[in-house]
Amino acid sequence: MSQNKQENSKSGRSYRIAVIGGDGTGPEVIREAVKVLKAAAGRFGFKLELNEFDYGGERYLRTGEVLPPNAIAEMRQHDAILLGAIGHPDVKPGILEKGILLRLRFELDQYINLRPVRLYPGVETPIAGKGPREIDYAVVRENSGDVYTGQGGVMLKGTPHEVATQIMIYNRFQVERCLRWAFQYTRKSGKKARGIGQENTLALVGKTNVLTYVYDLWERAFHEIGDKDFPDIKREYYHVDATCMWMVKNPEWFDVLVTGNMFGDIITDLAAMTQGGMGIAAGGNINPDGVSMFEPIGGSAPKYTGKNEINPLAAICAGMMMLEHLGEQQAADAINRAVAEVCATKLKSLAAGRMGYGTAEVGDLVADATAAR
Ligand code: IPM
Ligand code: MN
């Protein structure tokens with residue numbers, strides 16, 4: 001990316017984006033995200049070179065190959081990746097997820113998974129009595145370690161004494177780089193920085209009462225780094241189970257949360273429901289020094305494939321996060337305003353099939369609003 005930034009200063013801003021539609025409804029929502037990105041590029045004067053890749057279940061079933069051998073090298077040639085969804089009903093769970101999604105995250109060392117939890121005005125939340133003011137925080141999910149590393153094994157398989165292990169692994173390096181990123185993010189995007197709170201607060205989410213090795217490492221690193229380098233950031237700690245409780249009961253307590261890979265996976269599905277569901281929730285797999293990948297956090301929703309019913313807003317918001325990451329803040333802000341406006345004034349619901357508009361029409365509405373305001 002740094003190379004690209006240098007080129008940009010000379011010859012106008014231009015970004016090479018790898019577009020992976022993926023499985024199920026992935027390609028349809030990505031089409032709408034691309035529509036909106038093009039509207040933003042046109043208005044704010046940058047260029048997008050969009051290269052499509054057919055990675056996903058269909059390709060796997062056709063070729064027997066999950067990713068072609070040059071895939072990772074190919075991805076490295078881009079400034080960012082926009083991904084639809086991975087997961088196919090005819091492929092055993094795990095193969096595509098591990099072979100494509102997790103492989104890209106790991107090999108490109110996208111060690112941060114940033115998942116903003118923001119309720120747009122006019123969007124229905126199942127949390128009674130809470131609105132956009134209360135539901136406005138972000139989860140920084142560590143994205144390279146934990147039980148996701150695949151360490152473990154099985155013994156005596158198929159017998160009544162079968163043993164299975166799946167090991168939660170973290171080293172200080174992984175924990176530290178994630179925490180440092182989270183502190184910096186909190187400094188830049190916490191509630192004080194955004195003018196909506198008294199402090200910028202980073203809360204560690206763990207389970208120090210049971211995971212006495214792994215979350216002890218996290219907790220010590222959290223306070224050491226905080227004391228030494230981020231004294232301006234307020235620190236809090238929550239157990240993960242209690243976090244689920246407060247996400248429902250008092251989401252306004254949260255500003256930025258940081259946690260390990262597995263807890264981050266689980267709590268962000270809960271968080272997504274509070275912000276209006278999988279139709280709107282987006283995330284970024286970020287390597288601050290490399291190639292990052294942006295995606296809706298929901299799955300491929302195969303039953304809606306090809307029906308023009310799925311909500312493309314999560315993919316559109318993933319595109320918005322991508323532009324922000326690439327430094328196109330004004331364009332990202334315009335998309336944000338456009339999404340807010342379409343949510344507030346047009347959509348009946350964010351649920352697939354109940355939006356009052358088709359997938360492509362929602363894309364048109366957001367693209368038009370992005371080009372205009
Ligand atoms: C997510 C997904 C993935 C994860 C799966 C599909 C491997 O649930 O992005 O949250 O667990 O990270
Ligand atoms: Mn998940």
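Predicted model: local features only at pLDDT ≥ 70, side-chain atom pairs only at ≥ 80, totals over all residues.
Residues are numbered from 1 along each chain as its sequence is written, and chains are lettered from A and ligands numbered from 1 in the order in which they are written.

Ligand 1 is surrounded by E97, L101, R105, R115, R141, Y148 and D265. A residue counts as near if one of its heavy atoms lies within 4 Å of the ligand. By class, this shell holds five charged residues, two nonpolar residues and no polar ones. Here Ala, Val, Leu, Ile, Met, Phe, Trp, Tyr, Cys and Pro are nonpolar, Asp, Glu, Lys and Arg are charged, and the others, Gly among them, are polar. Helix α5 (residues 95–107) supplies the largest share of the shell, three residues. Helices are DSSP runs (H or I, at least four residues), numbered from the N terminus.

Taken alone, ligand 1 exposes 320 Å², and the protein buries 77% of that. These areas come from the Shrake-Rupley method with a 1.4 Å probe.

The whole structure contains 11 aromatic pairs. Rings of Phe, Tyr and Trp (its six-membered ring) pair if their centres lie within 6.5 Å; planes under 30 degrees apart count as stacked, over 60 as edge-to-face and the rest as tilted. F183 and F222 form a stacked pair, 5.6 Å centre to centre with 20 degrees between the planes. F183 lies in helix α6 (residues 172–189) and F222 in helix α7 (residues 214–229), 39 residues apart. Both F183 and F222 are buried, that is, under 20% relative accessible area (1.4 Å probe, protein chains only).

Y215 and F263 are also stacked, because their ring centres are 5.3 Å apart and their planes are at 15 degrees. Y215 belongs to helix α7 and F263 to helix α9 (residues 261–274), so the pair ties together parts 48 residues apart in sequence. Y215 and F263 are both buried. Together with Y170 and W218, Y215 and F263 form one aromatic cluster.

A charge also sits over a ring: R177 lies over the face of Y111, 4.0 Å from the ring centre. The criterion is NZ of Lys or CZ of Arg within 6 Å of the ring centre and within 35 degrees of the ring normal.

Technical notes: Heavy atoms only, no water. Helix = DSSP H or I, 4+ residues; strand = E, 2+ residues; numbered from the N terminus. Buried < 20%, exposed > 50% of the residue type's maximum accessible area, 1.4 Å probe, protein only.
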